[in-house]
Amino acid sequence: MNEHRSAKDAASDTEPSSANGITLVSYLLGGLAFWGGVGWVADHFLGFSALFLPIGLGVGLVGAIYLIYAQHVRS
């Protein structure tokens with residue numbers, strides 16, 4: 001039983017690092033895509049060519065970094 005458990009623990013030691021990497025990248029891409037999309041829609045409906053898109057991308061990047069910090073670094 002202990003041999004099975006130790007092998008399972010060894011496997012679980014390697015899985016969280018790859019899962020955390022995928023999670024971090026998904027937070028970054030999700031934040032950029034969502035808030036960039038919100039900025040693009042705001043530009044489209046308010047008649048601007050490229051005002052809110054960069055603002056939305058910046059908000060998405062900062063929000064994603066804060067979310068990563070709050071969930072993974074601070075805890």
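1. The accessible surface of the protein comes to about 5,700 Å², and 70% of this area belongs to carbon and sulfur atoms; accessible areas here come from the Shrake-Rupley method with a 1.4 Å probe, and for residues only the protein chains shown count as cover. Buried residues make up 11% of the 75 residues in the protein, where buried means under 20% relative accessible area, exposed means over 50%, and partly exposed lies in between (1.4 Å probe, protein chains only).

2. Please keep in mind that this is a predicted model, in which local features need pLDDT of at least 70 and side-chain atom pairs count only at pLDDT 80 or more, while totals for chains, interfaces and linings use all residues. Residues are numbered from 1 along each chain as its sequence is written, and side-chain values use heavy atoms, with hydrogens and water left out.

3. The protein has two helices and zero strands, with helices (H or I, at least four residues) and strands (E, at least two) taken as DSSP runs and numbered from the N terminus. Of the contacts in the protein with a separation of 6 or more, 54% are accounted for by residues 24 or more positions apart; contact means heavy atoms within 4.5 Å.

4. An unreviewed UniProt entry carries the annotation "transmembrane region" for residues 21-42 and 48-69; UniProt positions are given in the numbering used here, feature names are shortened, and annotations may be inferred rather than shown by experiment. In the model, residues 21-42 are 100% helix and 0% strand, and the end C-alpha atoms of this span lie 32 Å apart. Residues 48-69 are 82% helix and 0% strand, with end C-alpha atoms 33 Å apart.

5. A nonpolar surface patch of about 730 Å² is made by F34, W35, V38, L46, F48, L51, I55 and V59. Patches are made of residues with over 30% relative accessible area and no salt bridge, like charges being joined within 9 Å and nonpolar side chains (Val, Leu, Ile, Met, Phe, Trp, Tyr) within 5 Å; a salt bridge is a side-chain nitrogen of Lys or Arg within 4 Å of a carboxyl oxygen of Asp or Glu. Helices α1 (2-46) and α2 (52-73) each supply at least two residues of the patch, and the largest share, four residues, comes from α1. V59 lies in helix α2 and is partly exposed, with a relative accessible area of 41%.

6. How many aromatic pairs does the count come to? The count comes to two aromatic pairs, under a rule by which rings of Phe, Tyr and Trp (its six-membered ring) pair if their centres lie within 6.5 Å, with planes under 30 degrees apart counted as stacked, over 60 as edge-to-face and the rest as tilted. The rings of F34 and W35 are edge-to-face, because their centres are 4.9 Å apart and their planes stand at 85°. The rings of F48 and F52 have centres 5.7 Å apart and planes at 75°, so this pair is edge-to-face. W35 is partly exposed at 37% relative accessible area, and F48 is partly exposed at 43%.

7. F52 lies in helix α2 and is partly exposed, with a relative accessible area of 27%. Not counting residues up to four places away in sequence, F52 touches G39, A42, D43 and L46. The C-alpha atoms of F52 and V38, 14 residues apart along the chain, are separated by 8.2 Å.

8. H72 also lies in helix α2, and is partly exposed, with a relative accessible area of 32%. Leaving out residues up to four places away in sequence, H72 touches N20, T23, L24 and Y27. H72 and L24 are 48 residues apart in sequence and 9.0 Å apart in space, C-alpha to C-alpha.
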